[in-house]
Amino acid sequence: MSRTQKWLLPLLAAIVVLVVAVTVFLGVVYANAAAEERARDSSKAAAEQYVVEMFSWNPKDVDAHINATMGRLTGEAQKEYQKNIVSEKVAEGVKKQGVSTVVTVQGAGTMENTRNTSKVMLFINQSSTRNDVSEVQIDKSRLIFTMEKHGDMWKINEIDILDDQSLRDRMTGVTGAPPPGAVPIPGAPQSATTPPPAETPAG
């Protein structure tokens, strides 16, 4: 073996090592990017499904929807849903009053995500009717679901409500009683309604 060949062999070996290292690095980067892209799409799809089942109820399916929703929540979101929906016995009210609510997703988008976490903004319409009211009440809302992956399943650990002030006031009773069949959303602030002062008759 010539002196030149002896000099080239270590150089070629170093080049091979470098090429392998770069290939592995690029493979990891691509795999992470692909995983994040899949997470973005799957978390958005899960959020759209969850929000519909979370607030679309009728007397026949309300128990099933509430039970399914509880299994999709974790952390603060589960506590709020337990407090506002389960403990308040919303299902009994839905059955007693014949309430039917339907949620339609007008738009949704993933704000940020990693392979195992995601924030999804949802634009929804919720229509409500009940047995003794012929009119349909429609409320528009914007929600953000903060989600985390548990195994192969996305779960919601926080729900933020981004409503305009008039809708928020109606939900909390500031401007009067909520519309017929309105459904509380976990995380919505609750406040008591202060009755207006009695008017003094003229004369």
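Author: The protein chain has an average pLDDT of 76, and 65% of the residues score at least 70. pLDDT is the predictor's confidence in each residue, from 0 to 100. This is a predicted model: local features need pLDDT of at least 70, side-chain atom pairs count only at pLDDT 80 or more, and totals for chains, interfaces and linings use all residues. Residues are numbered from 1 along each chain as its sequence is written, and side-chain values use heavy atoms, without hydrogens and water.

Confidence is highest in strand E4 (residues 153-161), at a mean of 93. Helix H5 (residues 165-172) is lowest, at 44. Helices (H or I, at least four residues) and strands (E, at least two) are DSSP runs, numbered from the N terminus. Residues 170-203 stay under 50. Where pLDDT is low, the predicted coordinates should not be read in detail.

Now the aromatic pairing. Rings of Phe, Tyr and Trp (its six-membered ring) pair if their centres lie within 6.5 Å; planes under 30 degrees apart are stacked, over 60 edge-to-face, the rest tilted. The count is 1 aromatic pair. Phe-55 and Trp-57 have ring centres 6.4 Å apart and planes at 55 degrees, so the pair is tilted. Both Phe-55 and Trp-57 are buried. Buried means under 20% relative accessible area, exposed over 50%, partly exposed in between (1.4 Å probe, protein chains only).

Now the surface. Leu-12 sits in helix H1 (residues 3-55). Leu-12 counts as partly exposed because its relative accessibility is 47%.

One backbone detail remains. Lys-89 lies in the loop between helix H3 (75-86) and helix H4 (90-97). Its phi is near 55 degrees, a positive value in a residue other than glycine.

Definitions and conventions. Contact means heavy atoms within 4.5 Å.
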